[in-house]
Amino acid sequence: MEYEVVIGLEVHAELATKTKIFCGCSTQFGGEPNTHCCPVCTGMPGALPVLNEKVVEYAIKAGLAMNCDIEQNSKQDRKNYFYPDLPKAYQISQYDLPLCKNGHLEIDVDGQKKNIGITRIHIEEDAGKLNHDEFGGGALVDLNRACVPLIEIVSEPDMRSSAEAKAYVEKIKAILEYLEVSDCKMQEGSLRADVNLSIRPKGETKFGTRTETKNLNSFKAITRAIEFEIKRQIEAVENGEEIIQETRRWDDDRGIGYAMRGKEDAHDYRYFPDPDLALIKLSAEYINNIRENLPELPDSRKQKYINELGLPEYDANIITGSKMLADFFDEATKYCDNAKSISNWIMGDLLRILTEKELEQVPFKPEYLAKLVVMIDSGKISSAIAKKVFEDMFETGENPEDIVTKKGLVQISDEGAIKEIVLKVLENNPQSIIDFKAGKDKALGFLVGQAMKESRGKANPQMLNKMFLEELNK
Amino acid sequence: MNITKEELKHIANLSNLYFSDEELEKYTKDMSSVVEFANELSKIDTQGVEITTSILGEYNIFRKDEVKESFDRDILLQNAPEQGDGMFKIPKVIG
Ligand SMILES: [Zn+2]
């Protein structure tokens with residue numbers, strides 16, 4: 001039987017505020033355990049939370065960028081459950097009056113555009129972190145992350161494949177980066193997703209029973225966990241088993257998902273309004289002011305690259321998909337008009353080396369990429385040499401002009417010098433001359449290759465070509 | 001309004017409480033009378049009264065996003081039954 005997959009996502013993003021949601025402790029990642037803590041964020045009895053105004057502002061920015069209605073009246077509620085990383089035994093979240101509702105995002109999978117509905121975006125506090133206790137067999141609790149502000153973005157069950165889910169999370173990540181409301185560092189857990197997934201026979205309109213796989217913190221994990229769960233559910237159904245509504249975890253190292261123990265599945269959070277916190281009432285003026293000051297978003301930047309700079313849609317999509325790349329591209333094109341060539345370098349070698357070296361940032365200035373392109377365009381260096389210089393820039397972060405001078409990589413475009421090389425190569429390869437005269441055009445390519453080798457990549461290939469033809473046709 | 005034993009068990013579970021059979025018997029009765037008492041409120045006509053979302057009656061109490069000094073870790077860990085590496089030490093977590 002053919003099945004349709006139904007996926008909805010809950011994406012959690014840590015907000016890039018300086019302080020926590022309800023106290024003045026720093027949100028900085030990586031501090032010594034329990035050093036960014038106070039009575040409020042460690043849940044000491046009697047401590048009173050006071051809402052950070054930036055949290056509201058950032059959540060509204062995200063809501064507006066994701067086409068949501070902003071609710072002028074909002075409140076915060078307690079979500080009650082026991083877990084050792086949650087010192088108050090409740091999480092302050094939002095239940096029935098979230099800040100943002102009814103939004104949508106457009107995703108693009110292989111040129112297929114699709115709207116994904118966003119049910120709501122609400123603010124809440126993050127939990128602490130449990131560390132494995134190597135000696136005691138228990139756990140050690142670090143509350144630095146407790147009370148760090150989060151937004152939870154809840155989608156409609158509109159996705160039908162892992163590719164759509166991935167594109168959706170990528171889109172959210174790009175938007176939050178452009179808004180500068182979250183740094184979205186997935187490996188630090190500041191962007192993570194829960195996947196709700198069910199299957200149903202194709203054509204069926206009722207939803208099947210869904211499972212929720214929690215806390216996926218890389219695109220790879222999201223994709224693999226979805227593929228795993230689709231396969232598991234289809235196999236279960238084909239074997240006549242029933243799908244149980246349950247919370248699941250994903251073990252990325254072993255590549256398997258598994259159900260959490262039953263007890264914690266009791267999704268009975270007994271929400272009620274937090275009596276320690278005041279209501280949030282926002283004026284239309286306040287919301288409009290945020291709307292008018294939103295920065296440029298990925299979609300509009302993409303259109304600009306396509307319409308004004310003539311980039312292919314595919315390239316524009318990838319470059320604007322990361323704020324870091326788009327900013328790098330914009331900065332580089334200030335120093336060089338050849339936007340297409342800058343884009344090619346980014347799409348090709350730059351992305352390849354970034355992935356290989358697992359780098360988050362390019363180690364040299366955008367201006368340097370522009371200089372490299374200018375040197376190629378002006379004929380100062382060949383593209384073969386440019387590739388080597390580019391690798392060097394990744395190693396040293398140096399100015400390509402300096403690298404070229406220091407290593408003597410300037411392209412040989414002097415007629416006399418080129419002729420010398422050509423004559424030498426011809427003298428050493430008499431067979432190629434015979435082949436060429438016998439109509440084997442490949443011989444020319446071979447000779448040019450030999451000449452490039454002779455000049456260690458520095459000879460101007462167009463000039464070599466021309467001069468070989470001149471000599472051979474004499 | 002009667003609470004069943006099963007309902008009481010469920011509520012106790014959510015609160016990490018475990019009762020003996022006698023306790024379960026007793027608290028089921030007690031809880032029933034508590035709920036019954038609370039149900040008196042539903043006799044009041046609340047037509048046209050807005051749902052209470054806050055008992056403070058206040059709104060927009062915000063804090064500026066400015067870093068304040070955090071607490072000394074030793075003070076925060078003072079009440080921890082056990083600690084290790086500057087963290088709260090807890091028994092093994094299942095899940
Ligand atoms: Zn604090």
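**Strands and the chain contact**

A: In strand 8 of chain A, A:K114 is the bridge partner of A:I107. This is a predicted model, where local features need pLDDT of at least 70, side-chain atom pairs count only at pLDDT 80 or more, and totals for chains, interfaces and linings use all residues. Residues are numbered from 1 along each chain as its sequence is written, chains are lettered from A and ligands numbered from 1 in the order in which they are written, and side-chain values use heavy atoms, with hydrogens and water left out.

Q: How many bridges between strand 7 and strand 8 of chain A?
A: Nine, with strand 7 (residues 100-109) and strand 8 (residues 112-125) of chain A pairing in the antiparallel sense. Strands (E, at least two residues) and helices (H or I, at least four) are DSSP runs, numbered from the N terminus. Two strands pair if DSSP finds at least two bridges between them.

Q: And what's in the turn of that hairpin?
A: Two residues lie between strand 7 and strand 8 of chain A, and A:D110 in the turn has a positive phi of about 50 degrees.

Q: What else does strand 7 of chain A pair with?
A: Strand 3 of chain A (residues 69-70), antiparallel, over two bridges. There A:C100 is the bridge partner of A:I70.

Q: Switching topic: what is the overall make-up of chain A?
A: Chain A has 15 helices and 17 strands. Its radius of gyration (over C-alpha atoms) is 29 Å, well over the 23 Å of the globule rule for 474 residues, so chain A is more spread out than a compact globule. That rule is 2.2 Å times the number of residues to the power 0.38. Along the principal axes, the C-alpha atoms of chain A fill a box of roughly 95 × 55 × 55 Å.

Q: Now chain B. How much area is buried between chain A and chain B?
A: About 3900 Å², 61% of it on carbon and sulfur atoms. Buried area is the accessible area (1.4 Å probe) that two parts lose on being put together, summed over both. The contact (heavy atoms within 4.5 Å) takes 57 residues from chain A and 36 residues from chain B.

Q: How many salt bridges across that interface?
A: One, between the side chains of B:K64 and A:E53 at 3.3 Å, N to O. The rule wants a side-chain nitrogen of Lys or Arg within 4 Å of a carboxyl oxygen of Asp or Glu.

Q: Which strand of chain A gives the most to the side touching chain B?
A: Strand 10 of chain A, with four residues.

Q: Which strands of chain A and chain B run parallel?
A: Strand 2 of chain A and strand 1 (residues 62-63) of chain B, joined by two bridges. There A:L51 stands opposite B:F62.
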